[in-house]
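Me: I would like to go through this model with you and ask what stands behind the labels. Could you set each value against its definition as we go?

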Amino acid sequence: ERPVHLLDEPEVYTLHRALGVPNIRSRFGTDPDIWNQMFAVARSLPTEVLQNRGLMQALSEFSMPIISAVDRLVGATNAMRVDAESKDGRRVTFKVVHPDLEDCVGLGTAAFALEVLLDRVPGGVWFPIEMPKH
């Protein structure tokens, strides 16, 4: 068990909008829990601070060596679990785990690029939920 926190990730809005799912909740958690606490602090920052690109760039450049050091100490496993329930009460759970977040993101990016090159997906920026429409 790990602590998780309510977090309205972009998927919550896009799933609601694209599929008309009325009730969606998203929870997010990292381990060690200090990263969760940092998300909580970031959420309390004024919008003007979060939209300051120069400041956010400087913060990311400052924090990246720290994040890399912690990843080397405790690992960088990325895991996701999705629980869904249909109107008639059927339930399904999807779990995926990858040992390294950067590799996982890279594989996802490469898979998407391949789909674009094979003309299966139009070029551009898409939310994942928007893809079945094209």
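Me: Why is His16 called partly exposed?

Reply: Happy to start there. This is a predicted model, in which local features need pLDDT of at least 70 and side-chain atom pairs count only at pLDDT 80 or more, while totals for chains, interfaces and linings use all residues. Residues are numbered from 1 along each chain as its sequence is written, and side-chain values use heavy atoms, with hydrogens and water left out. Buried means under 20% relative accessible area, exposed over 50%, and partly exposed in between, with a 1.4 Å probe and protein chains only. His16 has a relative accessible area of 40%, so this residue counts as partly exposed.

Me: Where does His16 lie, and what is His16 in contact with?

Reply: His16 is in helix 1, residues 10-19. Contact means heavy atoms within 4.5 Å. Leaving aside neighbours within four places in sequence, His16 is in contact with Val21, Pro22 and Ile24.

Me: How many helices and strands are there in the protein chain, and what makes a run count as one?

Reply: The chain has 5 helices and 4 strands. Both are DSSP runs numbered from the N terminus: helices are H or I with at least four residues, strands are E with at least two. Along the sequence the pattern reads β-α-β-α-α-α-β-β-α.

Me: How do you know that strand 3 and strand 4 pair?

Reply: Two strands pair if DSSP finds at least two bridges between them. Strand 3 (residues 78-85) and strand 4 have 8 bridges in the antiparallel sense, so they meet the definition. One of the bridges joins Ala84 to Val92 in strand 4. The hairpin of these strands has 5 residues between them, and Gly89 takes a positive phi near 90° there.

Me: What makes Asp88 and Arg90 a salt bridge?

Reply: A salt bridge is a side-chain nitrogen of Lys or Arg within 4 Å of a carboxyl oxygen of Asp or Glu. The closest N and O atoms of Asp88 and Arg90 are 3.1 Å apart, so the pair qualifies. Asp88 and Arg90 are both exposed.

Me: How many salt bridges does a search of the whole structure find?

Reply: The search finds 2. Besides Asp88 with Arg90, Glu115 forms one with Arg120, with closest N and O atoms 3.2 Å apart. Glu115 is partly exposed at 25% relative accessible area, whereas Arg120 is exposed at 54%.

Me: What makes Met80, Val82, Phe94 and Val96 a nonpolar patch?

Reply: Patches are made of residues with over 30% relative accessible area and no salt bridge; like charges are joined within 9 Å, nonpolar side chains (Val, Leu, Ile, Met, Phe, Trp, Tyr) within 5 Å. Together these four residues have about 350 Å² of accessible area, by the Shrake-Rupley method with a 1.4 Å probe, where for residues only the protein chains shown count as cover. Strand 3 and strand 4 are the elements that give two or more residues to the patch.

Me: Why is Lys95 called exposed?

Reply: Lys95 has a relative accessible area of 58%, so this residue falls in the exposed class. Lys95 lies in strand 4 and, beyond neighbours within four places in sequence, is in contact with Met80 and Arg81. The C-alpha atoms of Lys95 and Ala79, 16 residues apart along the chain, are separated by 7.3 Å.

Me: Which residues does His98 touch, not counting those up to four places away in sequence?

Reply: They are Ala76, Thr77, Asn78, Asp103, Cys104 and Leu107. His98 itself is in strand 4 (residues 91-98).

Me: What percentage of the 134 residues of the protein chain count as buried?

Reply: The figure is 10%. The accessible surface of the chain comes to about 11000 Å², with 61% belonging to carbon and sulfur atoms.
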